[in-house]
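Here is a briefing for a first look at this structure. Keep the sequence and the model side by side as you read.

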Amino acid sequence: MQHIVTLIPGDGIGPEVAKPTLKIIKAAGVNVQWETYLAGAEALKRHGTTIPKSLLDSFQKRRVALKGPVTTPVGEGFASVNVELRQTFDLYANLRPIKNLPGVRARYQGVDLIVVRENTEGQYSGIEHEVVPGVMESLKIITEKASTRIAKFAFEFARAHRRKKVAAIHKANIMKLTDGLFLDCARRAAADYRDIGFSDLIVDNACLQLVLDPLKLDVLLLENLYGDIVSDLAAGLVGGLGVVPGANLGDQHALFETVHGSAPDIKGKNIANPTAMILAAVMMLNHIGEKKAAQRISSALEAVLKKGERLTPDLGGSATTTKFAEAIIREIER
Ligand code: NAI
């Protein structure tokens, strides 16, 4: 069977991690026709927009996309391509599995967390303005609809994946209306899922608990900004951003991506770790029903990581991106 998937290699190290990932997918026997598009600064230069219409049309039609990181200028310039894609296609659930990988040095072993982040509102609504010179205002939007939808998503996910408990993370002691509503929606959803445990944690305490004993937590349910921050913190517990994938899911569309950014400091050196992109592809393959190929790729990746002979520098090795990917392909073809 042939699949048609929208591909956004991204910029910085994006193309360097996308290229070997496509080779690995092919080696696992999956036939994908990729519709490839630029996004971000390069697209702006060539097409006058950061997200070309052809990309939007492709994703609208194909409903599945694989994406590398895209640079967003800090404090100025164009809006984040990621945020725009999430809002345009109502990709309301951001899912990040945080799990140890064999052979990857980490502060903890046995971590197995799922971060479920609301992806469309909160402080990422993009409503910011200057009130008077020297005073800026940013609005945080929290709605009952989006909060209920993401809470149900977290519980459904927990049930489908035999997870035991969901923790809603908030700051409702201070933001009594916005975070209060988010928490209230989570509590109401919890009442419909009595088979799954439920608790809530104030976000600062949640960070402390994660660093002290991440094995105590299971599925984490968070608003947009807290989810962004806490998921990076959680990635740090299992070896860093280079080894964690993410999915942005809506009712119609699914976009799979790296959690890490475009890493301009190592761009063009062929030393980027493609693991996050490969794992994003594994999530994508599961989503499109290619479960056997997904399993073959994760087993091959784990075997190479465990052997430890072809690791990229971020994992303590000296292999190039290309050598690491070739070792995975050899493992798949064994
Ligand atoms: P970053 O994730 O690009 O880099 C942070 C550090 O981790 C750097 O030292 C980098 O070399 C290292 N690193 C990241 N990925 C790696 C990999 N695969 N292998 C080895 N080392 C890796 O974060 P930073 O520097 O904050 O952001 C750079 C740009 O990326 C910014 O413009 C930001 O907006 C964008 N970004 C894009 C994302 C996306 O498109 N999903 C996500 C996060 C950031």
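Two strands count as paired if DSSP finds at least two bridges between them. The model is predicted. Strands of a sheet pair through backbone hydrogen bonds, either parallel or antiparallel.

- Strands β4 and β5 (residues 112-118) run antiparallel and are joined by seven bridges.
- Lys 99 stands opposite Asp 112, a residue of β5.

**Helices against the sheet**

**Aromatic pairs**

- Rings pair if their centres lie within 6.5 Å.
- By this rule there are four aromatic pairs.
- In one of them, the ring centres of Phe 59 and Phe 89 are 4.5 Å apart and the planes stand at 55°, so this pair is tilted.
- Phe 59 belongs to helix α3 (residues 53-62) and Phe 89 to the loop between α4 (81-88) and β4 (93-99), so the pair ties together parts 30 residues apart in sequence.
- Phe 59 and Phe 89 are both buried.
- Phe 155 and Tyr 193 have ring centres 5.2 Å apart and planes at 15°, so this pair is stacked.
- This second pair links distant parts of the chain, 38 residues apart.
- Phe 155 is in helix α5 (residues 144-160), while Tyr 193 is in the loop between α6 (178-191) and β9 (197-202).
- Phe 155 and Tyr 193 are buried.
- Ring pairs join Phe 155, Tyr 193 and Phe 198 in a cluster.

**A charge over a ring**

- The charged end of Arg 117 sits over the ring of Tyr 124.
- The distance from that charged end to the ring centre is 5.4 Å.

**Phe 256**

- Strand β12 (residues 254-258) holds Phe 256.
- Phe 256 has 3% relative accessibility, so it counts as buried.
- Phe 256 and Met 284 are 28 residues apart along the chain, and their C-alpha atoms are separated by 6.2 Å.
- Beyond neighbours within four places in sequence, the contacts of Phe 256 include Val 64, Ala 65, Leu 66, Lys 67, Met 283, Met 284 and His 287.

**His 260**

- His 260 is in the loop between β12 and α9 (275-287).
- His 260 counts as buried because its relative accessibility is 9%.
- Apart from neighbours within four places in sequence, His 260 is in contact with Ile 13, Pro 69, Leu 241, Gly 242, Asn 273 and Ala 276.

**Cysteines**

- How many disulfides does a search of the whole structure find? The search finds zero.
- Cys 185 counts as buried because its relative accessibility is 1%.
- Cys 207, at 22% relative accessibility, counts as partly exposed.

Methods:
Residues numbered from 1 in each chain as written. Predicted model: local features only at pLDDT ≥ 70, side-chain atom pairs only at ≥ 80, totals over all residues. Heavy atoms only, no water. Phe/Tyr/Trp six-rings, centres within 6.5 Å; stacked < 30°, edge-to-face > 60°. Helix = DSSP H or I, 4+ residues; strand = E, 2+ residues; numbered from the N terminus. Buried < 20%, exposed > 50% of the residue type's maximum accessible area, 1.4 Å probe, protein only. Lys NZ or Arg CZ within 6 Å of the ring centre and 35° of its normal. Contact = heavy atoms within 4.5 Å. Disulfide = S-S within 2.5 Å.
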